[in-house]
Structure formats: structure tokens, C-alpha cells
Amino acid sequence: MKNYDVIIIGGGPGGYNAAIRAGQLGLSVACIEGRATLGGTCLNVGCMPSKALLHASELYEAAASGELGHLGIEVKPSLNLAQMMKQKDESVTGLTKGIEFLFRKNKVDWIKGWGKLDGVGKVKVSDAEGNVSEYHAKDIVIATGSEPTPLPGVTIDNQRIIDSTGALSLPEVPKHLVVIGAGVIGLELGSVWRRLGAEVTVIEYLDRICPGIDEETAKTLQRSLAKQGMSFKLGSKVTQATPSADSVSLTLEPAAGGEAQTLQADYVLVAIGRRPYTQGLGLESVGLHTDKRGMLENQGHRTQVPGIWVIGDVTSGPMLAHKAEDEAIACIELIHGKPHQVNYGLIPG
Ligand SMILES: Cc1cc2nc3c(=O)[nH]c(=O)nc-3n(C[C@H](O)[C@H](O)[C@H](O)COP(=O)(O)OP(=O)(O)OC[C@H]3O[C@@H](n4cnc5c(N)ncnc54)[C@H](O)[C@@H]3O)c2cc1C
């Protein structure tokens with residue numbers, strides 16, 4: 001059993017920034033992370049690998065489409081998908097190792113394993129070998145992030161029916177990729193595979209793409225994506241997906257009701273959103289409850305239980321890495337006794 005000033009559960013942009021800031025302020029701090037590497041969703045299977053693939057696929061398309069030829073640069077590209085994935089994985093490793101370095105530099109202990117609250121001020125951690133250790137802290141910050149929201153009737157097997165993590169590591173370019181959900185993650189990953197040669201159809205329940213962003217911007221984006229070759233079926237819902245060895249058969253209906261139709265694809269990406277992740281966290285041991293969206297509410301990063309704080313995707317606000325980071329700094333400064341407030345009106349999307 002070891003005592004800390006602060007324990008942070010989760011090593012994503014919320015958790016690792018909180019841990020580093022606590023170390024900088026001279027607090028004794030540990031960060032518990034169950035994944036094999038630090039950096040959370042963002043560095044491992046989110047922002048960073050998706051941007052690496054967007055960058056590489058953009059250059060490939062510029063060369064393959066003749067755009068470079070028009071500028072007087074003659075090239076005939078061929079796609080080496082394995083190398084594209086390798087450079088993406090290398091950039092992820094570089095970034096996650098960078099967080100490990102920053103932890104050492106700022107005297108943050110990385111406790112490897114899954115953390116579970118065991119009463120106020122106490123956390124039990126189970127490691128990969130099944131050992132359980134106990135840690136105490138005056139303040140505990142929950143930064144456990146989020147996970148893809150499942151869609152009833154469409155079971156993710158990460159073979160033919162994939163989530164965003166699967167879409168970052170496909171072994172081949174799909175002939176026809178169906179993306180369920182026209183939010184930023186689906187459109188981004190759909191763009192990667194379209195640029196690499198896939199036919200991409202996006203199915204969205206609402207009658208517009210990117211709910212939550214300005215309508216005129218969303219319309220302009222849709223026009224631009226359609227011009228690039230992406231197809232859209234708006235106002236449609238997928239009710240069933242049946243995978244076989246090399247394809248998926250989808251049943252879809254108009255959202256308002258009406259005749260069902262079927263659609264064939266070789267891969268289906270389910271990207272209907274993300275939901276807060278609090279599984280196995282032992283919330284009941286401290287009397288905390290999630291709301292009906294599975295979210296832990298906060299008032300200035302404080303939960304209803306004194307000494308337990310919450311930041312990032314697992315609490316309210318946009319699910320964005322820089323929002324989690326900003327909350328991390330504010331939360332730790334408050335714990336340290338400094339006034340600090342996040343300006344939610346100034347978070348770029
Ligand atoms: C494909 C994709 C692209 C994205 N692109 C962008 C982008 O371009 N810009 C942007 O701002 N955002 C982007 N995001 C969102 C961004 O990744 C999240 O907003 C951000 O990671 C949230 O940080 P977090 O620290 O709250 O949670 P997370 O990054 O999810 O980290 C939480 C960590 O906690 C760990 N954990 C959970 N429970 C426990 C436990 N009990 N014990 C120990 N560890 C635990 C998890 O393993 C995880 O590593 C993207 C997401 C995805 C999926």
C-alpha cells in the first residue's frame with residue numbers, strides 16, 4: 001500500500017496531462033493505466049493514428065489523381081498499405097513513449113493495471129498477472145475516457161464489422177466500405193479509405209451530416225465530400241447486419257419508416273458516437289452514479305463526493321482531446337489550491 005497526494009485513473013490526454021501538471025506542482029502523483037501504453041484513445045487509437053493516415057492518404061491521392069502531374073510533378077504511385085500502417089504505428093509508438101519520458105521527468109509513477117475505487121481515498125489496481133495492490137490518495141481524478149457506442153442489430157466483430165479502432169488497421173483497401181454514422185470520426189476514416197481506392201457509402205439517421213456543428217458548414221462539407229466521391233444516404237437507419245466470410249449484408253430503412261432495402265459491403269464501420277467509460281470502476285463503493293447517458297456529472301471538475309474529481313470524455317462537454325487537457329490542468333490547479341476555470345466558449349471543434 002502506498003500513499004499519494006493525487007491518484008489519476010486513466011492515462012489519456014486528460015489523465016496524463018493531469019499527472020504531469022501535478023508532478024510539476026510538486027505533488028506526489030500516480031497515474032493508473034490499464035492499456036499497455038500511455039496516451040489513451042487519442043494517442044493509441046484516435047486523433048494521432050487517424051491524422052497519420054489522413055496525411056499519408058492525402059499525399060497518395062494527390063499523386064494518384066494526377067493533381068501532382070498538373071503541377072508538373074510526374075509520378076505513378078503504387079500503394080504499399082503495410083508500410084503506410086507501419087509509419088502510422090511508429091508515430092503512435094513515438095508519441096506514447098514520449099509520455100513515458102514526461103512521466104519520468106516529472107516524477108509521475110505509472111501504475112500498470114486497471115483501477116477500481118474501493119471507498120473514498122482508496123483505489124485497488126489489478127495488473128495483467130492478476131495481482132491486486134492498494135493505493136491511497138487525498139484526491140482521486142477519474143479520467144477513464146470513452147468507448148465506441150454499439151448499435152443494436154450490428155455486432156462489431158472487428159473482422160468485417162469494425163469500429164474506429166478496426167478502421168485504423170484494415171489489412172486491405174475495401175472495395176465497398178459502408179460507414180454507419182456521419183460524424184467526424186466516420187467521415188474522417190471514410191475519407192482515408194476512399195482516398196486509397198474504396199467506394200464509400202455513409203448512412204446517417206438524421207437528414208444532415210455532423211450533427212452538432214453549424215448547419216451551413218456541415219452542408220459545405222457534405223458537398224465537398226460528395227464531390228470527392230463519397231456517397232450519402234441520409235435519413236436512413238440500419239436495422240441489421242449479417243456478416244459472411246468476405247462481405248456484410250445490411251438492412252436499412254428510412255428513419256421515418258417505410259420499405260426496407262438491402263446493401264452489400266465488404267466492410268462496415270460503425271461510428272455512431274462514443275459513450276463514457278466507467279466499467280468496473282467501483283463507483284458504488286463511493287456512492288457515485290452515472291446519469292442516463294452513462295456520464296459522471298461535475299461542478300467545476302468536482303463530483304458530488306469530496307476528494308473525487310472527473311475530467312475528459314467521461315464527463316460532460318465535447319469529447320475532444322484538447323478539452324480533456326484543459327480540464328486536466330484546471331482540475332490539478334484547483335486541487336493545489338489555485339483558482340482556475342475552463343472557458344467552454346473557447347474550445348475549437
Ligand atoms: C478515431 C478517433 C479520432 C479522434 N480524433 C480527434 C481529434 O482529431 N481531435 C480531438 O480533439 N479529439 C479526437 N478524438 C477524441 C479524443 O481521442 C478524446 O476526446 C480523448 O482521447 C479523450 O481523452 P480522455 O483522457 O478523456 O480519455 P481517453 O483518451 O479515452 O483515455 C482514457 C484512458 O483511461 C484508461 N482507463 C479506463 N478505465 C480505466 C481503469 N479503470 N483503470 C485504468 N485505466 C483505465 C483507458 O485504457 C484509456 O487509455 C478522436 C477519437 C477517435 C476515436
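Entry 1: I began with an open sheet of 3 strands, in the order 12-13-14 and with antiparallel pairing. This is a predicted model, so I read everything below as computed from it. Which strands stand at the edges? I found strand 12 (236–243) and strand 14 (261–265) there; each has a single partner strand, so one side of each is left without a neighbour in the sheet.

**Entry 2: from strand 12 to strand 13.** I looked up how these two are joined and found 7 bridges between strand 12 and strand 13 (residues 248–254), running antiparallel. I wrote down two of the pairs: Gln-240 has Thr-251 in strand 13 as its bridge partner, and Ala-241 has Leu-250 in strand 13. The two strands make a hairpin, with 4 residues between them.

**Entry 3: from strand 13 to strand 14.** Here I found 5 bridges, again in the antiparallel sense. One pair I noted is Val-248 with Ala-265 in strand 14. Strand 13 and strand 14 also form a hairpin, this one with 6 residues between them. Which residue in that turn has a positive phi? I found Gly-257, with a phi of about 100°.

Entry 4: Next I looked at an open sheet of 5 strands, ordered 8-15-9-10-11, where the pairing is parallel. Strand 8 (161–162) and strand 11 (231–233) stand at its edges; each has a single partner strand, so one side of each lacks a neighbour in the sheet. I checked strand 8 against strand 15 (residues 267–270) and found 2 bridges in the parallel sense. Ile-162 stands opposite Leu-269 in strand 15.

**Entry 5: contacts of the ligand.** Then I turned to the ligand, which 39 residues surround. The closest are Gly-14, Glu-33, Thr-41, Lys-51 and Gly-115.

- The side chain of Lys-51 has an N or O atom 2.6 Å from an oxygen atom of the ligand.
- Gly-115 uses its backbone, with an N or O atom 2.8 Å from a nitrogen atom of the ligand.
- The side chain of Asp-313 has an N or O atom 2.9 Å from an oxygen atom of the ligand.

**Entry 6: who builds the shell.** I listed the elements that give two or more residues to the shell around the ligand: helix 1 (13–24), strand 2 (29–33), helix 2 (40–45), helix 3 (47–64), strand 4 (114–117), helix 7 (184–195) and helix 9 (321–335). Which of them gives the most? That is helix 2, with 4 residues. By class I noted 15 nonpolar, 18 polar and 6 charged residues in the shell.

Entry 7: Last, I asked why the ligand lies between two domains. Domain 1 (2–48 + 85–148 + 275–346) and domain 2 (161–272) both give residues to the shell around the ligand, so the ligand lies between them.

How values were computed. Residues numbered from 1 in each chain as written. Predicted model: local features only at pLDDT ≥ 70, side-chain atom pairs only at ≥ 80, totals over all residues. Heavy atoms only, no water. Near = heavy atom within 4 Å. Polar contact = N/O pair within 3.5 Å; in protein donor to acceptor, adjacent residues only side chain to side chain. Nonpolar A, V, L, I, M, F, W, Y, C, P; charged D, E, K, R; others polar. Domains from an automatic or database assignment. Pairing = 2+ DSSP bridges.
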